[in-house]
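Student: Hi! Could you walk me through this model?

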Amino acid sequence: MQNEEGKNMDLYIPRKCSATNRLITAKDHASVQINVGHLDENGIYTGQFTTFALCGFVRAQGDADSALDRLWQKKKAEIRQ
């Protein structure tokens, strides 16, 4: 819900899994959020990052590594890194 100024007034905004688009509920204690840093052509951190959220279901299936790799390859092509 937003007020007249356009600010978000909700107390809790659930995250979505980057791999499966499932909602990450407050009770999903196995979920993780990972920030992957962006590098320049010399391999120096630029101060920018991309955030990925993985739900506990993906981690329990053992697909977190392949899901994160697939998501990063797709994002890397978008940002041309």
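Student: Which residues make up the largest nonpolar core?
Tutor: That core has 12 residues in all: Cys17, Ile24, Val36, Phe52, Ala53, Leu54, Cys55, Val58, Ala64, Ala67, Leu71 and Trp72. A nonpolar core here is a set of buried Ala, Val, Leu, Ile, Met, Phe, Trp, Tyr and Cys residues joined through side-chain atoms within 4.5 Å. Buried means under 20% relative accessible area, exposed over 50%, and partly exposed in between, using a 1.4 Å probe and protein chains only.

Student: And which elements supply at least two residues each?
Tutor: Strand 4 (45–54) and helix 2 each do. The largest share, 4 residues, comes from helix 2. Helices (H or I, at least four residues) and strands (E, at least two) are DSSP runs, numbered from the N terminus.

Student: Before I go on, what are the ground rules here?
Tutor: This is a predicted model, so to speak of local features takes pLDDT of at least 70 and side-chain atom pairs count only at pLDDT 80 or more, while totals for chains, interfaces and linings use all residues. Residues are numbered from 1 along each chain as its sequence is written, and side-chain values use heavy atoms, with hydrogens and water left out.

Student: Back to the core, then. What is leucine 54 in contact with?
Tutor: Leaving aside neighbours within four places in sequence, leucine 54 is in contact with Cys17, Ala19, Ile24, Ser31, Val32, Ala64 and Leu71. Contact means heavy atoms within 4.5 Å.

Student: How about threonine 50, buried or exposed?
Tutor: Threonine 50, in strand 4, is buried, with a relative accessible area of 9%. Not counting residues up to four places away in sequence, threonine 50 touches Ile34, Asn35, Val36, His38, Trp72 and Lys75.

Student: Which side chain joins threonine 50 in a polar contact?
Tutor: Histidine 38, at 2.5 Å. A polar contact is a pair of N or O atoms within 3.5 Å; within protein, one must be able to donate a hydrogen and the other to accept it, and residues adjacent in sequence count only if both atoms are side-chain atoms.

Student: How many bridges pair strand 3 and strand 4?
Tutor: Strand 3 (residues 32–39) and strand 4 pair over 7 bridges, in the antiparallel sense. Two strands pair if DSSP finds at least two bridges between them. Leucine 39 stands opposite tyrosine 45 in strand 4. The two strands form a hairpin with 5 residues between them, and glycine 43 in the turn has a positive phi of about 85°.

Student: Which residue has a positive phi although it is not a glycine?
Tutor: Asparagine 21, at about 65°. Asparagine 21 sits in the loop between strand 1 (15–16) and strand 2 (23–24), and is exposed, with a relative accessible area of 52%.

Student: New topic: how many salt bridges does a search of the whole structure find?
Tutor: The search finds 1, where the side chains of glutamate 78 and lysine 75 meet at 3.8 Å, N to O. A salt bridge is a side-chain nitrogen of Lys or Arg within 4 Å of a carboxyl oxygen of Asp or Glu. Both residues lie in helix 2 (residues 64–79), 3 residues apart, about one turn of the helix. Lysine 75 is partly exposed, at 26% relative accessible area.

Student: Last one: what pattern does the protein chain follow along the sequence?
Tutor: The pattern is β-β-β-β-α-α. Of the 81 residues of the protein chain, 21% count as buried.
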